[in-house]
Number of protein chains: 2
Amino acid sequence: MTTTIKRRDTGVSLFHALSDVMRLEIMERLKDGEHCVCDLTEALKTGQSRLSFHLKVLKDAGLITDRPEGRWTYYALNREGLEELESVVQSLQVSRPRAGSSSRCP
Amino acid sequence: MTTTIKRRDTGVSLFHALSDVMRLEIMERLKDGEHCVCDLTEALKTGQSRLSFHLKVLKDAGLITDRPEGRWTYYALNREGLEELESVVQSLQVSRPRAGSSSRCP
DNA sequence: ATGAGTAATCAACATCCGTTGATCCGTAGA
DNA sequence: TCTACGGATCAACGGATGTTGATTACTCAT
């Protein structure tokens, strides 16, 4: 089914985007609102190039948004992405209330 | 804070475990209950070695459990791991209701 | 005890990912 | 227009990750 495949792929990219310490730290920082790159660079004590790389991964996954303004770019959490994440996680929950083992081998 | 660091690390390993198509497919299969490896090998049409590798990743992350029985090993979803995942995902939600931008650069 | 079947582990290889430093692009101020 | 600055992008490198085939360990049946 195509929608299932699509769901799996977005799942993979969402989970991959979050499978890195620095990226989780970025998400953490953005929880209280928008931040510009220079702000994050200082807060996370890292190089500009590295930060830019991770921001791109998060943005491509749809978890954050960027808002260029003049010389600066502000990043913020993306509600839609987080909702999608929630939904994918929900879909991992057990569907049948594990009524004993459902496959017998011998 | 130590607990925050620990939370980040478990987050990373949970997300990493789920950032792979085959591993998501395994989770999908286990939603309806226990399955033995031979069962999954056939369902996912893959080699035994490959499957075993991915099962180990999921198990190490605490997302599934194994139950050896005789010649076979049965795998199942691990509720605790899924709850931990939920909790980590919850912790990514915006904390303050984004009252405008919280950092100004110039 | 031997042989067959299940599954974990290993070594080797290929690929992907993250880091770093350099470069490029766009904007703001002189 | 020239310069300085913020930030994206690129190439190159090194380390991690996934794949494959072979080996090993264990269990069951004969």
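Analyst: The account below goes from the protein interface to the DNA and then to the sheets.

This is a predicted model, in which local features need pLDDT of at least 70 and side-chain atom pairs count only at pLDDT 80 or more, while totals for chains, interfaces and linings use all residues. Residues are numbered from 1 along each chain as its sequence is written, chains are lettered from A and ligands numbered from 1 in the order in which they are written, and side-chain values use heavy atoms, with hydrogens and water left out.

Chain B has 46 residues in contact with 46 residues of chain A, contact meaning heavy atoms within 4.5 Å. The size of an interface is often given as the accessible area lost when the parts come together. Here the buried area is about 4,400 Å², and carbon and sulfur atoms give 58% of that; the term stands for the accessible area (1.4 Å probe) that two parts lose on being put together, summed over both.

The rule finds two salt bridges across the interface of chain B and chain A, a salt bridge being a side-chain nitrogen of Lys or Arg within 4 Å of a carboxyl oxygen of Asp or Glu. B:E25 forms a salt bridge with A:R8, with 3.5 Å between the closest N and O atoms.

The elements of chain B that give two or more residues to the side touching chain A are α1 (2–18), α2 (21–30), β1 (35–36), α3 (37–44), β2 (64–69), β3 (72–77) and α5 (79–90). Helices (H or I, at least four residues) and strands (E, at least two) are DSSP runs, numbered from the N terminus. α1(B) gives the most to this side, with seven residues. By class, the side divides into 19 nonpolar, 12 polar and 15 charged residues. Ala, Val, Leu, Ile, Met, Phe, Trp, Tyr, Cys and Pro count as nonpolar, Asp, Glu, Lys and Arg as charged, and the others, Gly among them, as polar.

DNA strand C is surrounded by 19 residues, and the closest are A:S49, A:R50, A:H54, B:Q48 and B:Y75; a residue is near a strand if one of its heavy atoms lies within 4 Å of it. Sugar or phosphate accounts for 67% of the atoms of DNA strand C within 4 Å of the protein, and bases for the rest. From chain B, a polar backbone atom of B:C38 is 2.9 Å from a phosphate oxygen of DNA strand C, and a polar side-chain atom of B:R71 lies 3.4 Å from a sugar or linking oxygen. The elements giving two or more residues to this surface are α3, α4 (48–60) and β3 of chain B together with α4 (48–60) of chain A. From chain A, a polar side-chain atom of A:S49 lies 2.6 Å from a base oxygen.

In chain B, three strands form an open sheet in the order β1-β3-β2, with antiparallel pairing. β1 and β2 of chain B stand at the edges with a single partner strand each, so one side of each has no neighbour in the sheet. Two strands pair if DSSP finds at least two bridges between them. β2(B) and β3(B) run antiparallel and are joined by six bridges, with B:P68 opposite B:T73 in β3(B).

Key. A polar contact is a pair of N or O atoms within 3.5 Å; within protein, one must be able to donate a hydrogen and the other to accept it, and residues adjacent in sequence count only if both atoms are side-chain atoms.
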